[in-house]
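Reader: I would like to learn how to read the strands, helices and overall build of a protein model. Please take me through one.

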Amino acid sequence: MIPSSYSAEQTAYANRVAAYFKEHYSTQPLAHVITYGCQQNVSDSERMKGELALMGYGFTADPAKADFILFNTCAVREHAEDRVYGNVGAMKRYKRTKKGMLIGVCGCMTQQDRVVERFQKSFPFVDLVFGTQVQHRLPEFIYRRLTTGKRVYETKLDNAPIEEGVPVRRDGTLKGWLPIMAGCDNFCTYCIVPYVRGRERSRDPEEIIYEATEMVRSGFKEIMLLGQNVNSYGKGLDEPVNFAQLLRRVNAIEGDFRIRFMTSHPKDCSLELLDAIRDCEKVAKHLHLPFQSGSDRILKTMNRHYDREKYSELIRQAKERIPQITLSADIIVGFPGESYEDFKQTISLVEEVQFASLFTFIFSPREGTPAAKMADPVSREEKGKWFQELLAVQEKINETYLKNTVGTVQRVLLEELSERDGFCIGHTDGNVSVEVQASPELLGSLVTVHIDSYERHLVGTIC
Ligand code: SF4
């Protein structure tokens with residue numbers, strides 16, 4: 001297929017910016033991009049770096065040398081916001097010493113009115129403030145700022161289809177992100193994402209297959225399909241394709257590579273998807289399925305649209321269909337109104353499922369979400385004790401999982417040299433780190449490994 005090309009309008013702006021630099025700069029201008037938050041932001045930054053390269057920018061790790069500093073921000077945690085204000089403020093000094101230097105702020109933080117107002121009033125040296133759905137227009141924003149001298153504010157969320165053909169400059173060469181959708185329609189009561197990234201929109205499957213094929217052709221060995229809720233991929237597309245079908249199509253791409261995906265939502269995780277994971281040899285036998293709480297009462301107030309029984313049944317089906325599956329999940333401890341009895345339900349689900357790993361968070365309210373207005377009588381100190389209790393339970397389960405892995409055969413991507421001579425470090429399908437006896441020439445390969453031992457970590461040899 002012929003992929004969509006980058007917008008003619010933005011390409012023209014990029015060319016004009018490049019011409020501007022040729023006329024006004026004696027050396028190549030440099031950009032410095034700082035990314036906060038989740039993998040979605042990392043992936044967005046890779047696309048904006050692609051646009052910057054198209055405009056003629058090179059890149060520097062040193063902000064003092066940069067002609068453009070871009071902050072791609074996150075709204076999920078409050079202390080991350082404070083850090084952004086502090087770090088943006090610290091860049092002001094470079095503007096004094098470097099004529100024509102620009103500073104931009106984008107990402108989830110800038111979709112909140114109070115944040116935009118604060119940048120307008122208190123950060124007059126910030127040149128561009130733009131939102132999550134207009135990042136593909138970066139060439140236009142830079143051109144406008146360079147030629148009109150006016151600060152640019154563009155934060156509209158109009159939920160237009162995702163712009164295809166945006167150039168990408170990926171950070172790595174072995175493992176790469178591939179966004180398949182944007183936004184979220186779920187409105188979990190604790191989550192800011194639907195308000196700052198807008199409604200769920202899926203990319204054209206042909207564009208995804210094209211991009212994945214290009215990644216494999218250029219040497220990527222692991223592709224992470226990315227979305228806030230990949231399980232509901234395909235809603236609203238002209239050609240009806242669901243996520244299970246998309247996985248099968250990516251799996252059919254020729255080459256030696258591994259496919260991962262995140263994040264899943266239990267309410268949309270289908271048996272068809274479990275079958276696709278089982279059948280597709282390139283898909284990692286790993287399911288990260290956030291359950292957040294083991295208490296039905298709390299799941300209801302979280303607006304998660306499943307209950308414990310449905311979650312347990314999904315896990316039972318996953319284990320039955322894919323016996324070698326590795327499971328992981330996200331959990332929130334101390335949601336508003338959660339009692340110790342509710343929390344015990346979470347512990348009992350953790351013990352029942354036996355996750356290989358957990359990503360656990362103590363609830364922190366996000367302004368603008370319903371949960372931030374809910375009564376929350378349990379102290380932070382008490383929640384901290386619950387959190388420690390959960391960690392202790394999970395530590396034992398994780399230890400058992402690792403011990404049980406000894407003697408098994410695992411597919412491992414060798415990613416870096418170990419400190420020990422003659423060994424490389426890699427990750428299994430279940431995303432567990434393994435030290436493998438292997439020569440350095442094998443770095444970047446997917447190999448089959450027998451797990452020989454576990455002391456502080458897994459150690460194996462190539463079969
Ligand atoms: S599914 Fe829920 S937690 Fe995940 S992004 Fe959407 S609203 Fe947030």
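Reader: What counts as a strand, a helix or a pair of strands?

Author: Helices (H or I, at least four residues) and strands (E, at least two) are DSSP runs numbered from the N terminus. Two strands pair if DSSP finds at least two bridges between them. Residue numbers start from 1 along each chain as its sequence is written. As the model is predicted, local features need pLDDT of at least 70 and side-chain atom pairs count only at pLDDT 80 or more, while totals for chains, interfaces and linings use all residues.

Reader: How many bridges join β5 to β6?

Author: Strand β5 (residues 128-130) is joined to β6 by 3 bridges, and the two run parallel. In this pair V129 stands opposite Y153 in β6.

Reader: Do β15 and β16 run parallel or antiparallel?

Author: Strands β15 (residues 409-417) and β16 (residues 423-428) run antiparallel, joined by 5 bridges. L413 stands opposite H427 in β16. Their hairpin has 5 residues between the strands, and G422 takes a positive phi near 80 degrees.

Reader: Which residue of β17 stands opposite H427?

Author: H427 stands opposite S433 in β17. β17 (residues 433-437) runs antiparallel to β16, with 5 bridges joining them. The hairpin of β16 and β17 has 4 residues between the strands, and N431 in the turn has a positive phi of about 65 degrees.

Reader: How many helices and strands are in the chain?

Author: The chain has 14 helices and 19 strands. Its radius of gyration (taken over C-alpha atoms) is 23 Å, close to the 23 Å from the globule rule (2.2 Å times the number of residues to the power 0.38) for 463 residues, so the chain is as compact as a globular protein of that length.
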